Amino acid sequence: MNVLKEKGIPIDKQIRTWHDIVKRPYNRMEADNYTRTRQILMNGIETEAWGFKHCFVRKSDDMELNKTLVRIRRIEDMQQTTINWLSPVNQTVLDTTLGYEQVAVDLTAWLAQNEPDEYVKETFDFGLLEDFDHLYRYSQFAYLIEETDPNEILHEMTDVLIGRPTQYHHNCNALRIRKPYDKDKTSPQTKVNILTLVSGEQQTHNYYAEHGFMYGNTDLKRLYAEICDVEEEHVTMYETLVDPNETMFEKWLVHEFTEVCNYYNCYKDEVDDRLKLIWEEMMQMEIGHLQAAADMFKKYEKRDPEEIIGTELVLPCHFESQKPYVTEILKSQVDKRVIEDGEFDVVEELPDDWASYKVQKMVSEKGAPSEQAIRLSIKSIGRDIACASEKMLEMQSELLDDSLEEVQAPNTVDVEKYEKFNKIPPLDFLNY
Ligand SMILES: [Fe+2]
Ligand SMILES: [Fe+2]
Ligand SMILES: [Fe+2]
Ligand SMILES: [Fe+2]
């Protein structure tokens, strides 16, 4: 389908009543876990669509252009309210947090396998193992504080076990800067893939920043602070893949196209009939936005929008279980690290003056909250909270061994401890 030839809903028909804007939430117990991941991601996509248009108007003194941008921006904002408020009131912050990290793991794995640019794929794989570890750390508290079996939320679609340990995600943020694609050579799919992930990571950062304080538990608050900061690094890492020479009009086209593609993908995959209708309505609205962006692009840049977004839709957010792919990346890349000039290296090759060592020493001087999470589980139930096949769980100590650096937080849970507690059957803890 060439979306530029579709009509969609015209902008002046997109203002909705408050009754239409605020819809009934999905059911916490009955919702499909990938309905939840779609809702979490689309909230992030709308937030980015809104924020981008604020940046655009702040840089523009063209009244005709600005009038169009602010009108569409309000629609994005109303869409964001609709999507975000589909969250049920009885879904706790930790439940939602597990949902956010499930988005990050399964979305990044999907994108990595559907990314034509090798370097961009490598960057996605790198980030994947970090969000995978976040899911493991938060799962400890989901059980300890709210007695939640992580699979109540994840529905056994995503494994919970150690990844690249979170204490090693703290870099000199300058090392996170990656090499940008060339806007004239890269495919529309790469542009959409990256913007989708940037939007998701940015929203994850915002969610932790705005909700981490909502628990009266200092260890958990520190964990939110720690992982919130990693998400900031992730936004840096993914957004620097984008060619900074793209014009604002090109970026606008890519933004609306990304919204159309994501809603289309949600509509196509959705199992809940009521949500399916919402995705369809939102997609029709986005086609209207894309038409406006295309008109402005032709008027101001005198070029064909197809040069930027092509003629085919892409599928940037198909959710399905990615366990085998994540296992493969986990086994082969847990020891990878970011270095200068957008390159990667492995732990054994890092120089003594690697800039991230300094940062890690500073932030973890009094202990890493992500290590404290495991310690608290051991104290309470004898082992960590982990949900994966027996074979995978046995690998935990090996994975840790491969990823340990010279710099370690003073409260690091060591390989020996993992070997010891891994002998306790994991299912027992849920009946403890
Ligand atoms: Fe939107
Ligand atoms: Fe994460
Ligand atoms: Fe992330
Ligand atoms: Fe839009």
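Helix 14 (residues 369-381) has 13 residues, which at 1.5 Å a residue should span 18 Å; its end C-alpha atoms are 18 Å apart, in agreement. The expected span is 1.5 Å times one less than the number of residues. Helices here are DSSP runs (H or I, at least four residues), numbered from the N terminus.

This is a predicted model, in which local features need pLDDT of at least 70, side-chain atom pairs count only at pLDDT 80 or more, and totals for chains, interfaces and linings use all residues. Residues are numbered from 1 along each chain as its sequence is written, while chains are lettered from A and ligands numbered from 1 in the order in which they are written.

- The buried residues of helix 14 are Pro369, Ser370, Glu371, Gln372, Ala373, Ile374 and Ser377. A residue is buried if 20 or more other C-beta atoms, placed from the backbone, lie within 10 Å of its own, exposed if 12 or fewer, and partly exposed in between.
- These buried residues pack against helix 5 (118-146) and helix 8. Two residues are in contact if their C-beta atoms, placed from the backbone, lie within 7 Å.

**Helix 7 with helix 8**

- The axes of helix 7 (residues 188-211) and helix 8 (residues 218-239) come within 8 Å and cross at roughly 160 degrees. This makes helix 7 roughly antiparallel to helix 8, a term for angles over 145 degrees. Axes are lines fitted to C-alpha atoms, for helices over the stretch in contact, and angles run from 0 to 180 degrees between N-to-C directions.
- Helix 7 contributes Ile194, Leu197 and Val198, among others, to the contact, and residues of helix 8 that take part include Tyr224, Ile227 and Cys228.
- The residues of this contact divide into 10 nonpolar, 4 polar and 4 charged. Ala, Val, Leu, Ile, Met, Phe, Trp, Tyr, Cys and Pro count as nonpolar, Asp, Glu, Lys and Arg as charged, and the others, Gly among them, as polar.

**Helix 2 with helix 7**

- The axes of helix 2 (residues 33-58) and helix 7 come within 8 Å and cross at roughly 100 degrees. Helix 2 is therefore roughly perpendicular to helix 7, a term for angles of 65 to 115 degrees.
- Leu41, Asn43, Gly44, Ile45, Thr47 and Glu48 of helix 2 meet Val198, Ser199, Gly200, Gln202 and Gln203 of helix 7. These residues divide into 3 nonpolar, 7 polar and 1 charged.

**Helix 4 and Gly127**

- Helix 4 (residues 93-113) has 21 residues and reaches 30 Å from its first C-alpha to its last, close to the 30 Å expected. Of its 21 residues, 17 are buried, so helix 4 is largely enclosed by the rest of the structure.
- Gly127 lies in helix 5 and counts as buried, with 24 C-beta neighbours inside 10 Å.
- Not counting residues up to four places away in sequence, Gly127 touches Thr108, His234 and Met237. Gly127 and Val105 are 22 residues apart in sequence and 8.8 Å apart in space, C-alpha to C-alpha.

**Positive phi in two loops**

- His155 has a positive phi of about 55 degrees although it is not a glycine. His155 is in the loop between helix 6 (150-154) and helix 7, and counts as partly exposed with 15 C-beta neighbours inside 10 Å.
- Lys302, also not a glycine, has a positive phi of about 50 degrees. Lys302 is in the loop between helix 10 (273-301) and helix 11 (306-309), and is exposed, with 7 other C-beta atoms within 10 Å.

Technical notes. Angles under 35 degrees count as roughly parallel, over 145 as roughly antiparallel, 65 to 115 as roughly perpendicular and the rest as oblique.
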